[in-house]
There are 4 protein chains.
Amino acid sequence: MSEHRPSHAELVAFLKAEFPQNRCTLEEVDEDGSVVVAHPVGERELRPGNTVSGPVMMTLADVALYLGILARIGIVPLAVTTNLSINFLRKPRADRRVVARCRLMKLGKSLAVGEVWIFSEGEDEPVAHATGTYAIPRER
Amino acid sequence: MSEHRPSHAELVAFLKAEFPQNRCTLEEVDEDGSVVVAHPVGERELRPGNTVSGPVMMTLADVALYLGILARIGIVPLAVTTNLSINFLRKPRADRRVVARCRLMKLGKSLAVGEVWIFSEGEDEPVAHATGTYAIPRER
Amino acid sequence: MSEHRPSHAELVAFLKAEFPQNRCTLEEVDEDGSVVVAHPVGERELRPGNTVSGPVMMTLADVALYLGILARIGIVPLAVTTNLSINFLRKPRADRRVVARCRLMKLGKSLAVGEVWIFSEGEDEPVAHATGTYAIPRER
Amino acid sequence: MSEHRPSHAELVAFLKAEFPQNRCTLEEVDEDGSVVVAHPVGERELRPGNTVSGPVMMTLADVALYLGILARIGIVPLAVTTNLSINFLRKPRADRRVVARCRLMKLGKSLAVGEVWIFSEGEDEPVAHATGTYAIPRER
């Protein structure tokens with residue numbers, strides 16, 4: 001494992017430099033290593049039925065997992081998703097950001113597994129739940 | 001089931017009207033109901049390591065599943081994804097479109113299940129494989 | 001929804017009557033509807049490497065989901081799994097039961113979605129995590 | 001990769017020695033590395049609704065993936081499942097064996113990913129589809 005856990009500012013700078021198109025924002029990095037990431041919701045995130053599109057929530061889940069792992073192992077740009085599975089639970093609100101909290105279930109030498117709960121901001125019931133696996137490069 | 005299978009042109013028009021931000025293109029609708037959908041790859045689809053980002057492939061998988069279902073049941077805008085699971089298999093090429101083929105495994109009254117294989121255009125080995133479930137609204 | 005939430009004893013009796021081969025035991029049914037289910041671990045549950053076999057944990061996850069749903073909707077024998085996804089996180093102990101806690105994420109009219117955490121009894125770190133979807137028959 | 005692809009007889013002997021409780025049988029090992037595995041269906045495999053229980057199909061999927069990988073990399077008992085996701089598509093017949101065909105999607109140095117189609121013997125429509133990932137130990 002990396003000896004250095006990156007700060008909130010370092011993760012934000014990394015995200016901005018490496019994923020300039022990304023619209024997710026890192027909201028929190030908690031002591032226990034969980035992270036909170038948000039995505040704006042506007043015209044281009046909505047789909048028929050006036051709800052947030054699935055790809056927006058999948059993008060949010062993927063970024064939350066990625067930052068959740070980097071927050072723990074240090075900034076390792078070449079970590080790659082090997083598997084992501086998402087259940088869509090409820091219709092998200094069209095007038096709120098979607099917010100994801102990622103917590104790692106396992107942080108091994110070569111694989112990290114995390115879960116992500118997604119909410120419409122300020123609501124109690126989750127709109128989606130994802131689990132994902134990342135492969136961590138051997139030499140770092 | 002709808003009695004009318006939409007044409008390629010009808011599906012394209014629907015996609016354009018309802019998902020104007022979407023960058024996927026419908027390439028083929030086959031007799032057996034499988035569909036082929038592509039996504040361009042350029043600066044904004046790439047991530048560190050010079051590979052296509054996971055969210056681009058998840059978006060492509062979701063759109064391919066959606067069009068694969070609509071091609072069979074008719075244009076039912078309120079069909080919603082309930083579950084999507086994707087395995088990332090190989091690094092996609094940075095200089096080719098990604099192309100997805102969706103085939104339905106099951107088309108029931110209330111649920112449709114499909115699988116999607118994703119390739120870098122012109123390559124033989126898949127870069128990702130997804131399965132997904134859509135809930136089909138009762139009254140239509 | 002059923003108006004009657006079954007008691008612990010009713011669920012145990014149902015399990016015994018309908019799944020006589022089943023070796024899982026229902027340990028708890030909590031107020032919030034989460035359930036705890038256990039599976040013994042002995043010679044026939046172990047595999048090379050002296051660990052609990054994957055199918056034992058998948059069986060436990062499936063039974064925990066099933067009972068977690070029946071505890072909420074009443075005894076509906078025809079509810080069927082439509083999807084189950086499991087991540088194996090750590091090697092379970094060979095000398096302890098495996099214990100699963102299921103909590104529902106969503107209980108809709110036609111679909112229920114739950115998550116299951118599995119532990120070696122008495123240990124803090126989970127050995128597996130599963131999510132599953134059940135289709136609930138319309139008329140009951 | 002191992003230089004030795006095991007024979008059908010070697011895989012059967014391994015299965016018998018290491019998983020004596022297992023009731024799956026290896027039916028075929030094809031040139032392309034896909035394998036066919038079957039599970040008997042009798043009283044103890046059935047559940048309410050007169051259908052094959054989910055755990056039987058998950059067990060079959062897991063064994064098919066395991067043998068599908070060993071058929072390609074050689075007999076490596078410590079390969080372990082890291083993820084398995086299964087979609088149940090149709091009600092299996094109560095009077096036929098269930099038969100699974102596993103084909104690998106990816107065989108990497110540290111991870112193998114495969115898919116499994118499950119059928120009631122002699123039927124055309126699949127009853128279930130699974131994908132799974134196995135971690136392959138480094139030194140072998």
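These legends describe close-up views of a predicted model. Local features need pLDDT of at least 70, side-chain atom pairs count only at pLDDT 80 or more, and totals for chains, interfaces and linings use all residues. Residues are numbered from 1 along each chain as its sequence is written, while chains are lettered from A and ligands numbered from 1 in the order in which they are written.

**View 1. Chain C meets chain D.** 23 residues of chain C are in contact with 23 residues of chain D (contact: C-beta atoms, placed from the backbone, within 7 Å). On the chain C side, α2 and β5 (80–88) each give two or more residues. The largest share, nine residues, comes from β5(C). Helices (H or I, at least four residues) and strands (E, at least two) are DSSP runs, numbered from the N terminus.

**View 2. Strand β5(C) pairs with strand β5 (residues 80–88) of chain D.** The pairing is antiparallel, over five bridges (strands pair if DSSP finds at least two bridges between them). I86(C) has L84(D) as its bridge partner in β5(D).

**View 3. Helix α2 (residues 54–73) of chain C crosses helix α2 (residues 54–73) of chain D.** Their axes come within 9 Å and cross at roughly 150 degrees. Axes are lines fitted to C-alpha atoms, for helices over the stretch in contact, and angles run from 0 to 180 degrees between N-to-C directions. α2(C) and α2(D) are therefore roughly antiparallel (angles over 145 degrees). The contact is made by residues including M58(C) and D62(C) of α2(C), and M58(D) and D62(D) of α2(D).

Key. Angles under 35 degrees count as roughly parallel, over 145 as roughly antiparallel, 65 to 115 as roughly perpendicular and the rest as oblique. Two residues are in contact if their C-beta atoms, placed from the backbone, lie within 7 Å.
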